Amino acid sequence: MLEEIAIENLGVIRAARVPLADGLTVITGETGAGKTMVLTGLGLLMGGKADPAAVRPGADGAVVEGRLRVAAHPGVAARVDEAGGEVDDDGTVVVLRTVAAAGRSRAHLGGRGVPQAVLAEIADELVTVHGQADQLRLRTAAKQREALDTFAGPDHQDDLDTYRAAWSERAGLLAEIDDLTARAAERAREAELLRLGLAEVERVDPQPGEDAELTALVGRLGNAEQLRVAAQEAHDAVAGDDVETAGSAVEAVERARRALEAAAPDDPTLGGHATRIAEAGYLLADVATELSSYVNDLQADPAGLETAHARLAALTTLTRSYGETIDDVLRWASDAGLRLLDLDDGGERLAGMRERTAELDAELAGAAERLTTGRRKAAEALSDAVTQELSGLAMKGARLVVDVAPADEPGPWGADQVAFLLEPHPGAPARPLGKGASGGELSRVMLAVEVALATARVEAGAGSGRATTPLPTFVFDEVDAGVGGRAAVEVGRRLAVLARSTQVVVVTHLAQVAAFADSHLVVTKSTPEGGGAAADDGADPEAGITVTGVREVTDDARVRELARMLSGQEESATARQHAVELLESSTVGR
């Protein structure tokens, strides 16, 4: 819902703050006072097109700021978050729109600059404006079908959810079937390549780490003589007779150990060194033994070297095609085997998906038939309900026709196309909403439709115990055009009924409508000559421009405003008495 709108330098409004309460809020004022600018400001907040000509003369730009309560609309709150804005802790979000006199405009949502289209997007969820210059909420066949489905009740919604779930599953299966069919040749080629690769890997039969082991073996066999000489020299130095060093390293270490142990009784420190040297001797002895074994085992093996080279070449062929190492090749083979199973299973999967699609076709046919039955029943009830409302809105004889006809082909919402048509009088052809009716008549038709839909939604929610989607804020302009007397009272009464379920804002010039308001706002204008309200209401003598202010009226001030609307003379005793009677009757009527 809307909590308030602040307007600066828009049209004749220099600065005004418009508080909007729950229930029914009416906005009244003399012709030309600036009521239209309030709706223009609302339109800007809701993503409407910015017109630089609407900027107050002499000002650099206009600013409109609004606070929206979105706590009951999680989808809107999520959209604000996606846009980078923030919802305040109290569940409200600030919307700001600026219009420069030079022609550029800016939009902000929750403290973050956003495209104008984002405001229009959230407006679809939060606010519905009915007026001669505004688009209808039920302007499209999709919206009309959605409204009829909502009117049909929760059981019908369950049928619709079932149908949509089956439709979604069927659409997914058809997409997979098309993909499998279109890519059949490609999948066959991929499978053949995988088979050839797996056959090559199977023929070579590589073992994990085999390439690294063969590389080391080739290096050893290819340099056998150099390795033998180096190992023999190292062995002689450690454990053999070395004429240059006059003994082996093992013998030298042993002499050092014995010398230290002999001196250890005189200095324990030398005994510790003797122990460490003894450990080095053991290590040298082990190395000498291993070097001797290495020299004995290392022999030139031309045949073994050739075999190793051949095997390594076969492994290299695999690593060039399927991985950098043999371990990579083995991982590829594992993945390729699984992929081949998936490709070979395509025929069975395709048959299974086609079988499931046939089952879903049967389910959808039955569900679509139930939806059609529910819609036709609801269409008759909605038509009767709206027609009855129209009778009390000075449109006696007019009838809303809700047409449910077969669609050209089934879709995600069923097999029906829904259209709202208006018969302006008996015998006249039914025409789509928005055609063949004046702006005032159209607003009254929409009021009747909204009252019927809101009443049905509230009753359905109360009867089922289910949570219902909150209704949007409704804004009506010109809803009372061309009516008066008792019909005007009925317009006010129906607006009050709608306001029991949601916030309703109405711009009106009829006291009979204004009397039903929960909150009454008056738009007043002031001129430099003082012909309007007092200077406190916003006159700007220096600029010489008429300006407008907005104030809430209660008690006696409200009686005076209703009297002015009735006779043009707010101090007329007769008019004031009539105003009091209107207020009393509106209270009783509710």
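Analyst: What follows goes from the whole chain to single sites.

User: What should I know about the source first?

Analyst: This is a predicted model, so local features need pLDDT of at least 70 and side-chain atom pairs count only at pLDDT 80 or more, while totals for chains, interfaces and linings use all residues. Residues are numbered from 1 along each chain as its sequence is written, and side-chain values use heavy atoms, with hydrogens and water left out.

User: OK. How many helices and strands in the protein chain?

Analyst: The protein chain has 18 helices and 15 strands. Both are DSSP runs numbered from the N terminus, helices being H or I with at least four residues and strands E with at least two.

User: What share of the chain is buried?

Analyst: Of the 590 residues in the protein chain, 42% are buried. Buried means under 20% relative accessible area, exposed over 50%, and partly exposed in between, with a 1.4 Å probe and protein chains only.

User: How many cavities does a search of the whole structure find?

Analyst: The search finds 1 cavity of 30 Å³ or more, and about 50 Å³ of space lies in the largest cavity. A cavity here is a set of points on a 1 Å grid over the protein atoms alone where a 1.4 Å probe fits but cannot get out; lining residues have an atom within 4 Å of a point. Points are joined across faces, edges and corners, and the volume is the space filled by probe spheres set on them.

User: Which residues line the largest cavity?

Analyst: The lining consists of Ile5, Leu20, Ile27, Val38, Leu39, Leu42, Val475 and Val505. By class that is 8 nonpolar, no polar and no charged residues. Nonpolar covers Ala, Val, Leu, Ile, Met, Phe, Trp, Tyr, Cys and Pro; Asp, Glu, Lys and Arg are charged, and the others, Gly among them, are polar.

User: Which helix gives the most to that lining?

Analyst: Helix H1 (residues 35-45) does, with 3 residues. H1 is mostly covered, with 8 of its 11 residues buried; among them are Val38, Leu39 and Leu42. Just after H1, Gly47 has a positive phi of about 85 degrees.

User: Which residues other than glycine have a positive phi?

Analyst: Asp205, with phi near 55 degrees, is one of them, and Asp555, near 50 degrees, is another. Most residues other than glycine have a negative phi. Asp205 is in the loop between helix H6 (184-204) and helix H7 (210-222), and Asp555 lies in helix H17 (residues 555-567).

User: Asp205 and Asp555: buried or exposed?

Analyst: Asp205 is partly exposed, at 45% relative accessible area, while Asp555 counts as exposed at 63%.

User: Switching topic. Which Arg residues lie over a Trp face?

Analyst: Arg164 lies over the face of Trp413, 3.9 Å from the ring centre. The rule asks for NZ of Lys or CZ of Arg within 6 Å of the ring centre and within 35 degrees of the ring normal.

User: And Arg494, where is that, and what is it in contact with?

Analyst: Arg494 lies in helix H15 (residues 485-499) and is buried, with a relative accessible area of 13%. Leaving aside neighbours within four places in sequence, Arg494 is in contact (heavy atoms within 4.5 Å) with Gln388, Glu389, Gly392, Leu393, Leu447 and Val451.

Methods. 1 Å grid on protein atoms, 1.4 Å probe; cavity = no way out; pocket = protein on both sides within 12 Å on 5 of 7 lines; lining within 4 Å.
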